[in-house]
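Hi there,

Here is the structure I promised to pass on. Please have a look, and then read on for what turned up.

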Amino acid sequence: MIEKTTLERLRTFQLRGFIDALLEDSPSVQTVVIARVAGHIEGARVLVDTQGLVARRYDARPGTVHLLRPDQHVCARMREPDVERARA
């Protein structure tokens, strides 16, 4: 069984790679990370959702990635960051 902190670090590492790949492909992409607690992720704006409202609205679970257009239309939802799927 993987410890919770190890799993969180793995998800953060996967998210970091996903963000880097998106920014490399399209530097104009604005990356926003919604988190339960405050933190810093380079290249991303981190918003804190203390009550879990965004998570409930978008059916987000830890590690879930959503691609949204500026008008908030959901283009894709991935339970794990997948660069190739996001590029498609």
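What percentage of the 88 residues in the protein chain do buried residues make up? The answer is 20%, where buried means under 20% relative accessible area, exposed means over 50%, and partly exposed lies in between (1.4 Å probe, protein chains only).

Two notes on how to read this. The model is predicted, with local features needing pLDDT of at least 70 and side-chain atom pairs counting only at pLDDT 80 or more, while totals for chains, interfaces and linings use all residues. Residues are numbered from 1 along each chain as its sequence is written, and side-chain values use heavy atoms, with hydrogens and water left out.

Overall layout

The protein chain has three helices and four strands, in the order α-β-β-α-β-β-α from the N terminus. Helices (H or I, at least four residues) and strands (E, at least two) are DSSP runs, numbered from the N terminus. If we take contacts (heavy atoms within 4.5 Å) between residues at least 6 apart in sequence, 25% of them join residues at least 24 apart.

The hairpin

Strand 3 (65-68) and strand 4 (74-78) pair in the antiparallel sense over four bridges; two strands pair if DSSP finds at least two bridges between them. Leu67 has Ala76 in strand 4 as its bridge partner. The hairpin has five residues between its strands, and Gln72 takes a positive phi near 75° there. Gln72 is exposed because its relative accessible area is 54%.

Asp59 sits in the loop between helix 2 (53-57) and strand 3, and it counts as partly exposed because its relative accessibility is 35%.

Ala55 belongs to helix 2. With 24% relative accessibility, Ala55 is partly exposed too. Leaving aside residues up to four places away in sequence, Ala55 touches Asp49 and Ala60. Ala55 and Ile34 are 21 residues apart along the chain, and their C-alpha atoms are separated by 8.2 Å.

The largest pocket

The largest pocket holds about 1900 Å³ of space. It is lined by 45 residues, and those closest to its centre are Val32, Val33, Ile34, Ala35 and Thr64. On a 1 Å grid over the protein atoms alone, a pocket is an open set of points where a 1.4 Å probe fits, with protein on both sides within 12 Å along at least five of seven lines; lining residues have an atom within 4 Å of a point. Grid points are joined across faces, edges and corners, and the volume is the space filled by probe spheres set on the points.

Helix 1 (4-25) gives the most to this lining, with 10 residues. Strand 1 (32-35), strand 2 (45-48), helix 2 and strand 3 each supply at least two. By class, the lining has 26 nonpolar, 10 polar and nine charged residues. Here Ala, Val, Leu, Ile, Met, Phe, Trp, Tyr, Cys and Pro count as nonpolar, Asp, Glu, Lys and Arg as charged, and the others, Gly among them, as polar.

Best wishes
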